[in-house]
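I opened my notebook to look up how the pieces of this chain pack. My entries follow the structure below.

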Amino acid sequence: MPTIGVSIIAHNEEAQLAGAIESALFADEVVVVDCASTDRTAEIARSFERVRLYARPNDPNLNVNKSFGFEQLTTDWIFYLDPDERIPASLAAEIRRTIAGTADNAFRLPRRNHFFGRWLAHGGQYPDTQLRLFRRGKARFPNKHVHESLEVEGGIGRLSEPFDHFPYPTLDDYIRKMNFYTSFQAKFWLSEGRKPGLVDSARFLFLRPASRFLRRYLLKGGWRDGWQGYLAALGDAFQTTASYGKFLERAAREA
């Protein structure tokens, strides 16, 4: 029977980590990589007997940390899970059934996003298909950008059962994470050698944010998810503006 391992990276995730680990205990191995946490993250991980805990610096490119976690597993298959995500029992059973007899090397599956206490079923937030399950040694991150996808050798199949994502329990969490991701994007543009310009300013400060909001909130029905759907669509649009604004700020400092 093929074995399955779950890898979780965590930085100051004392509020979320226990739930993620508990949902992963169906697996043969569970690895937690503590990335320079200053809260109770490591203590919580150690409280689970079946968890192997590792420590490493917190690379701003989170995929570098995830790649380290993959290397610590010895199982035939790997599922990587974030601390704010949960694997329901129905998905765990589907994973076991699927890896028992497949020629594919990786699988995509749907993810349910919960914003401010509500599952967002519209606005492009579902099914939010993710590539998370793969055969060990057959998929890897390029480790160039925080939002990149796994590169897979061989066939990619699909699972039907979703997993759950609780990234923003509160609006404060949303703003804190937005600040991290927009700063990363600004630094990435600088590292690419991008230069400020009128065309990019119009695109990233006005055109793209407006089109993203209209598409998510109106065309894709984000309005059907109440005030949570409105804030999700607005925040998605504003991230582009904030990223480019930070890029302009940093470029001016370095000029």
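**Entry 1: a helix pair**

I started with the contact between α6 and α7. On the α6 side I listed Asp200, Ser201, Phe204, Leu205, Arg208, Pro209, Arg212, Phe213, Arg216 and Tyr217. They meet Gly229, Tyr230, Ala233, Leu234, Asp236, Ala237, Thr240, Thr241, Tyr244, Gly245 and Leu248 in α7. I sorted the residues of this contact by type: 11 are nonpolar, five polar and five charged. I kept in mind that the model is predicted.

Next I looked up the geometry. Two packed helices are described by the angle and the distance between their axes. The axes of α6 (residues 198-219) and α7 (residues 226-254) come within 8 Å. They cross at roughly 170°. Angles over 145 degrees count as roughly antiparallel, so α6 and α7 are roughly antiparallel to each other.

**Entry 2: the sheet**

In what order do the strands of the open sheet stand? I read β3-β2-β1-β4-β9-β6-β12, seven strands with mixed pairing. β3 (51-56) and β12 (156-158) are at the edges. Each has a single partner strand, so one side of each has no neighbour in the sheet. On average, neighbouring strands are turned by 25° against each other, direction ignored.

β6 (residues 106-109) and β12 run parallel, joined by three bridges. There, Arg108 stands opposite Arg158 in β12.

**Entry 3: helices on the sheet**

I found α1 (residues 17-24) packed on the sheet, touching β1 (4-10), β2 (29-35) and β3. Its direction makes about 175° with that of β1. Helix α4 (residues 89-99) lies across β1, β4 (77-80), β6 and β9 (130-135). α4 runs at about 130° to β1.

Methods. Residues numbered from 1 in each chain as written. Predicted model: local features only at pLDDT ≥ 70, side-chain atom pairs only at ≥ 80, totals over all residues. Heavy atoms only, no water. Pairing = 2+ DSSP bridges. Helix = DSSP H or I, 4+ residues; strand = E, 2+ residues; numbered from the N terminus. Axes fitted to C-alpha atoms, helices over the stretch in contact; angles between N-to-C directions. Contact = heavy atoms within 4.5 Å. Parallel < 35°, antiparallel > 145°, perpendicular 65-115°, else oblique. Nonpolar A, V, L, I, M, F, W, Y, C, P; charged D, E, K, R; others polar.
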